[in-house]
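The following note sets out numbered points on the model displayed here. Please read them alongside the sequence and the coordinates.

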Amino acid sequence: SWYTRHLVSALLELDDKNNYVLFGGSLRQKNYFHKFAGDLHGKSENHFTYFSPLLADLFWNRLRFPSIEFFTGKLDVFHSSDWTCPPTCAFSVTTVHDLAPVKLPEYTDSRVVSVHRRRLELVKKYVDRIIVPSRATREDLLGLGFDPHKIRVIPEAPAKEFYSVTEDDVSRVEKKYGLGKYILTIGLNPRKNTTRIIDSYKKIKKNIPEYNLVIVGAGKIDKSTEGVIHLGHIDFADLPALYAGSAALIYTSLYEGFGLPILEAFASGCPVVTSNLSSMKEISEGAAVLVDPYSVESIAGGIEKALNRNEQNIKKGHEIAKRYSWSKTAESTVSVYKEFLNI
């Protein structure tokens, strides 16, 4: 949803020559679509229904009926999400954010794995262009037999709020949550490697007694570990300052299609410890401390190294982050849409 919200907003701000139709379906969050559309700048035609994700999978991934045009009217280009592959007569574009359900099915709900596997087979067969956020995800698709000529690599980007955090913002958030000095990790589930991150922190706690480990994300953790602060979900308004006030981001996921928190940390001036594999190594471009995510010892050593604050890496990371923006993502996406003129 983060990708869709920012892409749609940027497209409507960038492109006033084409007509955009927004389609969304939900049983319980239809009002959210209307609020989102009401906050947009630019012209768009909206079609929101009670077509839930479960029904979308049934009709579009399984039965292949009806076409998206049944809801929207005639289209030249149709850009679908990462959940279903509706039939269409238009030039079809879709985004594949990652292949986590396929590569690490043991960490994903079995029903979600089934949906993604069905959809990927339909994408391979019917879709004209596939947008991926990284070269790593492109290679993942090629490994599954996808046509390389259909794939376009278009990165995502940090929100603009990450580039303009003030000291007052940092102070406010630290007081709000009672953090003290801390290192930060985003996401709480097996794929995000939470257990090894906590074990790594415990391993070096005696060397860094002044630092807490702050975990953001829904889920349960062992609260018996001294110094671990679990914030759960937090308001987005607090997130940039939470990065900026952190001594380091520990983002040692087992797999990512892009790794947006790395760029968010770079934009906020926060040192990063991340995994030496998949898109994370690619996105960090040598400005992060790379570790083996399957090794507690490696992660622990990476944390200690990052806490020494390599100012050159911090500066390099900030320069890397400045190369990314949602306006650039939108501009590249429009270029993909225009490819329908050449078929």
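1. Asp-238 is buried, its relative accessible area being 2%; the term buried denotes under 20% relative accessible area, exposed denotes over 50%, and partly exposed lies in between (1.4 Å probe, protein chains only). Asp-238 is placed in the loop between β9 (228–232) and α10 (239–244). With residues up to four places away in sequence not counted, Asp-238 touches Arg-172, Val-173, Lys-176 and Tyr-177, where contact means heavy atoms within 4.5 Å. Helices (H or I, at least four residues) and strands (E, at least two) are DSSP runs, numbered from the N terminus.

2. On provenance, this is a predicted model in which local features need pLDDT of at least 70 and side-chain atom pairs count only at pLDDT 80 or more, while totals for chains, interfaces and linings use all residues. Residues are numbered from 1 along each chain as its sequence is written, and side-chain values use heavy atoms, with hydrogens and water left out.

3. Four strands make up an open sheet in the order β3-β4-β5-β6, with parallel pairing; two strands count as paired if DSSP finds at least two bridges between them. At the edges stand β3 (77–80) and β6 (151–153), each with a single partner strand, so one side of each has no neighbour in the sheet. From one strand to the next, the twist averages 25 degrees. Axes here are lines fitted to C-alpha atoms, for helices over the stretch in contact, and angles run from 0 to 180 degrees between N-to-C directions.

4. Within this sheet, strand β4 (residues 91–95) pairs with strand β5 (residues 129–132) in the parallel sense over three bridges. Thr-94 has Ile-130 of β5 as its bridge partner, and Thr-95 stands opposite Ile-131 in β5. On the β6 side, β5 is joined to β6 by three bridges, again in parallel, and Ile-131 has Arg-152 of β6 as its bridge partner. Both faces of β5 are covered, with Arg-129 and Ile-131 buried on one side and Ile-130 and Val-132 buried on the other. Helix α7 (residues 135–143) lies across β5 and β6 and runs at about 165 degrees to β6.

5. Strand β7 (residues 181–186) has five of its six residues buried, so β7 is largely enclosed by the rest of the structure. Six bridges join β7 to strand β8 (residues 211–216), and the two run parallel. In that pairing, Leu-184 stands opposite Val-214 of β8.

6. Leu-184 is also among the residues with the most contacts inside the largest nonpolar core, which has 58 residues; the others named are Leu-231, Leu-242, Tyr-243, Leu-249 and Phe-266. Such a core is a set of buried Ala, Val, Leu, Ile, Met, Phe, Trp, Tyr and Cys residues joined through side-chain atoms within 4.5 Å. Leaving aside neighbours within four places in sequence, Tyr-243 has contacts that include Phe-162, Leu-184, Ile-186, Leu-249 and Pro-261. Apart from this core lies another of 23 residues, among them Ile-198, Val-289, Ile-299 and Ile-303.

7. The structure holds 16 aromatic pairs. Rings of Phe, Tyr and Trp (its six-membered ring) pair if their centres lie within 6.5 Å; planes under 30 degrees apart count as stacked, over 60 as edge-to-face and the rest as tilted. The rings of Trp-60 and Phe-71 are edge-to-face, because their centres are 6.0 Å apart and their planes stand at 90 degrees. Trp-60 belongs to helix α3 (residues 53–63) and Phe-71 to helix α4 (residues 69–72), so the pair ties together parts that are 11 residues apart in sequence. Trp-60 and Phe-71 are both buried, and they belong to one aromatic cluster together with Phe-23, Phe-51, Phe-59 and Phe-70.
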